[in-house]
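Here are a few friendly notes to read alongside the structure.

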Amino acid sequence: MAKRVASSLYQFRETFRVVNKDVLRWFPGHMGKGLKQMQQRLKLVDCVIEVHDARIPLSGRNPNFRYTVSGVKPHILVLNKKDLADLQMRSEMEDILRKYGYHHIIFTNCKDNKCPGVKQIIPTVAGLVSASERYNRSEEKDFCVMVIGVPNVGKSSLINVLRTKHLGRGKAAPVGATAGITRSVQNRIKVSENPLVYLLDTPGILTPNVPDIETGLRLALCACLQDHLVGIETIADYLLYWLNKNNQFRYVDVMGLEEPTDSIGTLLIKVALKLGKTQRKRDISGNGYVEIPDLPAAAYHFIKAFRNGDLGKLMLDTQQQAS
Ligand SMILES: Nc1nc2c(ncn2[C@@H]2O[C@H](COP(=O)(O)OP(=O)(O)OP(=O)(O)O)[C@@H](O)[C@H]2O)c(=O)[nH]1
Ligand SMILES: [Mg+2]
């Protein structure tokens with residue numbers, strides 16, 4: 001059913017309108033502090049790995065990273081969660097990123113320690129650092145790498161998967177499905193013996209000013225912002241808008257609908273009823289209670305389906321964004 005939906009039969013929104021634009025100014029205190037700590041540690045670092053979400057290779061990366069944080073040190077861009085991303089446009093995206101100065105781009109799935117991208121990381125680090133001017137660290141035998149990026153893209157997971165792969169050791173960096181698990185720059189963690197490589201885990205840092213509302217919403221959809229900052233129903237509405245606009249109709253089957261809809265209210269009511277999720281609210285008289293569909297629970301269910309990859313492998317960014 002999903003693939004066969006003729007989008008011409010339906011009238012979908014052309015643009016997405018949001019009332020609350022505060023998301024664009026969201027930059028909590030720990031991020032400013034984290035950025036400073038990262039800059040202070042830079043002299044102890046030989047290379048920077050910037051991790052980002054492969055579904056949004058162009059959106060939302062902090063422009064300070066490439067030049068302020070990384071400076072002249074070798075820089076590798078890891079596009080993680082490739083298991084969730086539609087990579088048909090991979091080479092076009094890589095061309096755009098190269099124009100922005102990213103010459104070492106690796107796609108990874110940190111949930112899979114057999115992933116070829118994960119395998120490539122330590123040899124790439126070793127090659128780049130050996131060929132670079134190491135300044136004050138030229139006498140050091142070990143390679144020290146700082147792992148940076150926006151929240152929840154898998155920085156700590158990358159450290160853990162490398163450690164498991166090369167040392168056969170367990171997790172050393174805490175991981176979680178919400179943004180802001182790592183709160184400050186951590187002590188270095190050994191991930192490889194030969195070459196001797198240490199990684200520094202850092203807190204996720206957003207750009208202080210997200211350039212436009214859709215970038216903010218894409219970040220929210222990929223859980224790089226905490227859901228309550230944007231509002232779970234707004235994120236769900238943006239997801240529905242994006243899916244319809246991009247002819248992605250798998251949600252119709254996955255959410256148990258009869259046909260596509262452009263109304264988030266309709267979708268959430270149907271999903272809440274199917275899930276049997278209701279909320280108890282006071283009735284108009286104030287004397288009794290009524291049971292109404294639990295729309296936030298339905299919104300969370302819908303967004304979770306996207307985040308788990310149940311709505312298909314998707315690429316939220318487009319080439320047009322770069323022009
Ligand atoms: N599907 C998928 N999920 C991943 C991958 N890598 C990490 N995750 C999940 O993404 C979530 C965030 O991972 P973390 O490693 O905590 O991300 P982080 O960048 O360290 O997050 P903060 O410390 O909050 O900035 C967790 O639920 C991970 O299990 C991946 O390659 N694929
Ligand atoms: Mg972390």
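1. A word on H4 to begin with: its buried residues are Gly117, Val118, Ile121, Ile122, Thr124, Val125, Ala126, Leu128 and Val129. Please keep in mind that this is a predicted model.

2. Helix H4 covers residues 116–130, 15 residues in total. From first C-alpha to last it reaches 22 Å, close to the 21 Å expected at 1.5 Å a residue.

3. Helix H5 (residues 155–167) has 13 residues and reaches 18 Å between its first and last C-alpha, close to the expected 18 Å. Its buried residues include Leu158, Ile159, Val161, Leu162 and Leu167, and also Lys155 and Arg163. Among the elements covering the buried residues of H5 are H4 and the strands S1 (47–53), S4 (143–149), S5 (189–192) and S6 (197–201). After H5 comes Gly168, with a positive phi near 65°.

4. How do H8 and H10 pack? Helix H8 (residues 232–245) meets helix H10 (residues 264–275) at an angle of about 110°, and their axes are 10 Å apart. Angles of 65 to 115 degrees count as roughly perpendicular, so H8 and H10 are roughly perpendicular to each other. H8 contributes Glu233, Ala236, Asp237 and Leu240 to the contact, and H10 contributes Ile264, Leu267 and Leu268. These contact residues divide into 5 nonpolar, no polar and 2 charged.

How values were computed: Residues are numbered from 1 along each chain as its sequence is written. Chains are lettered from A and ligands numbered from 1 in the order in which they are written. This is a predicted model: local features need pLDDT of at least 70, side-chain atom pairs count only at pLDDT 80 or more; totals for chains, interfaces and linings use all residues. Side-chain values use heavy atoms; hydrogens and water are left out. Helices (H or I, at least four residues) and strands (E, at least two) are DSSP runs, numbered from the N terminus. The expected span of a helix is 1.5 Å times one less than its number of residues. Buried means under 20% relative accessible area, exposed over 50%, partly exposed in between (1.4 Å probe, protein chains only). Axes are lines fitted to C-alpha atoms, for helices over the stretch in contact, and angles run from 0 to 180 degrees between N-to-C directions. Angles under 35 degrees count as roughly parallel, over 145 as roughly antiparallel, 65 to 115 as roughly perpendicular and the rest as oblique. Contact means heavy atoms within 4.5 Å. Ala, Val, Leu, Ile, Met, Phe, Trp, Tyr, Cys and Pro count as nonpolar, Asp, Glu, Lys and Arg as charged, and the others, Gly among them, as polar.
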